[in-house]
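These notebook entries record what I looked up in one protein model, entry by entry.

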Amino acid sequence: MHETNDNPLANESAATTHWAQIGESTFVAGMWLLFQVHRVLGRWPFLLCLYPVVTYYWLSKPIARRSSLEYLQRMQEAHGLWKSTPGWRQSLRHFRMFAQVILDKMLAISGSYPASRVDISGHEAILALIERGQGGVFVTAHMGCIELCQVLAERRKGLRLNVLVHTRHAEQFNRVLRRLAPESKVRFLQVTDFNAATAMMLSERVAQGEFIAIAGDRVPVQKSKTTSARFLGHEAAFPSGPYVIAALLKCPLFLMTCTRTSHENGGGYALRIAELAAQVELPRGRREQAMADYAGMYARAVEDRLAKAPFDWFNFFPFWAQAQRPDDKPAAAPAQR
């Protein structure tokens, strides 16, 4: 099928830049300062301080801005959520939503976000596993405020969660976490290379009844296996890691997302948990197809949830260009079909 080249990032060299190379614009000191502004003055002064910064970031970061527009326009093509093609107003609102969620993330980590504003569903299967002393794997996404899984941990004391991250920011987040909530049951673990030692460590944690959470929407920093699936009408690369880990650990795989139920000034969140597989099977001979099937199931579920909360997607980089990593040699342009 022939496709027109309507991707706003198609002719940019940055399109092949790995998401981890773009870097984070958040620093520990800045995060702590903004949290204190909210603690002392409240949400509105926080937003008044943050919105000019967001607007400046939107204006000065063309890759992030164009990636936002690409996502919103593909969401429109797939689901027709707006009366016309999304433009700069929707993109700026997308950035503002991210700014508000940054605050909610810190409130969640500190245990300050009101539990009454979090509607949890699908957690019965998790509670049953905890009762049996069994762990599992959550596959998540960079959408909404997944840190509000803290609320679930507070409601069930036996839940201990290990969040796998692919960047060196893990220790920074852990420092903030220890400062905000010394007794937190959520830990960030830096995993840039999945090897035998990593597998053994994770296996021990799951055997002890702990849970592993790993994002399913960003390919790893180091070269590793990926698969592909349709997302918002276009093929995208997805990491195979969540499915390989769940298969190795022989444990259930769940999708966990937490998206806004109100889009302005506070509001609440919907924490949704759904079982993707009681046990992930990657049979020899059809391993590649099995991983693609799981990734497709994940992508469809994420898209369905984003259709109800379209501004909650926080991948401000060329998402559909993830297949080519920064250390790959430039490939010849593929023949159009």
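**Entry 1. Terms and basis.** I take helices (H or I, at least four residues) and strands (E, at least two) as DSSP runs, numbered from the N terminus. The model is predicted, so I note that local features need pLDDT of at least 70 and side-chain atom pairs count only at pLDDT 80 or more, while totals for chains, interfaces and linings use all residues. Residues are numbered from 1 along each chain as its sequence is written, and side-chain values use heavy atoms, with hydrogens and water left out.

**Entry 2. Overall counts.** I find eleven helices and nine strands in the protein. I call a residue buried under 20% relative accessible area, exposed over 50%, and partly exposed in between (1.4 Å probe, protein chains only). On that basis, buried residues make up 50% of the 337 residues. A contact means heavy atoms within 4.5 Å. Of the contacts with a separation of 6 or more, 76% are between residues 24 or more positions apart.

**Entry 3. Strand β5.** I looked up how far β5, residues 211–215, is covered: five of its five residues are buried. F211, A213 and A215 point one way from the strand, and I212 and I214 point the other way. In a regular strand the side chains alternate between the two faces of the sheet.

I then looked up the partners of β5, counting two strands as paired if DSSP finds at least two bridges between them. Strand β2 (residues 136–140) runs parallel to β5 and is joined to it by five bridges. Strand β3 (residues 161–165) also runs parallel to β5, with four bridges. I214 of β5 stands opposite V139, and I214 is also the bridge partner of L164.

**Entry 4. D217.** Where does D217 lie? I find D217 in the loop between β5 and β6 (226–231). For charge, I count Lys and Arg as positive and Asp and Glu as negative, leaving out His and the chain ends. A salt bridge is a side-chain nitrogen of Lys or Arg within 4 Å of a carboxyl oxygen of Asp or Glu. D217 is buried yet has no salt bridge, and the nearest side chain of opposite charge, that of R218, is 5.1 Å away.

What does the side chain of D217 reach at 2.8 Å? It reaches the backbone nitrogen of H142. The side chains of D217 and N315 are joined by a polar contact of 2.9 Å. For polar contacts I require a pair of N or O atoms within 3.5 Å; within protein, one must be able to donate a hydrogen and the other to accept it, and residues adjacent in sequence count only if both atoms are side-chain atoms. Leaving aside neighbours within four places in sequence, D217 is in contact with residues including T140, A141, F238, Y298 and W313.

**Entry 5. Nonpolar core.** I define a nonpolar core as a set of buried Ala, Val, Leu, Ile, Met, Phe, Trp, Tyr and Cys residues joined through side-chain atoms within 4.5 Å. The largest has 92 residues, and among those touching the most other members are V137, F138, F231 and V302. Not counting residues up to four places away in sequence, V302 touches A141, M143, F231, L255 and W313.

**Entry 6. Salt bridges.** Side chains of opposite charge can pair when their charged atoms come close. I count nine salt bridges in the structure. One of them joins R260 to D104, with the closest N and O atoms 3.8 Å apart. This pair links distant parts of the chain, since R260 is in strand β8 (residues 253–260) and D104 is in helix α5 (residues 88–110), 156 residues apart. R260 counts as buried at 3% relative accessibility, and D104 is buried at 0%.

E210 and R205 meet in a salt bridge at 3.6 Å, N to O, and both are buried.

K225 forms a salt bridge with E288 at 3.3 Å between the closest N and O atoms. K225 lies in the loop between β5 and β6 and E288 in helix α11 (residues 287–306), so the pair ties together parts 63 residues apart in sequence. K225 is partly exposed at 44% relative accessibility, as is E288 at 45%.

Entry 7. C149 lies in helix α7 (residues 149–155) and is buried at 6% relative accessibility. C149 and A108 are 41 residues apart in sequence and 8.3 Å apart in space, C-alpha to C-alpha.

Helix α10 (residues 241–249) is mostly covered, with seven of its nine residues buried; among them are P242, Y243 and L249. Just after α10, K250 takes a positive phi of about 50°.
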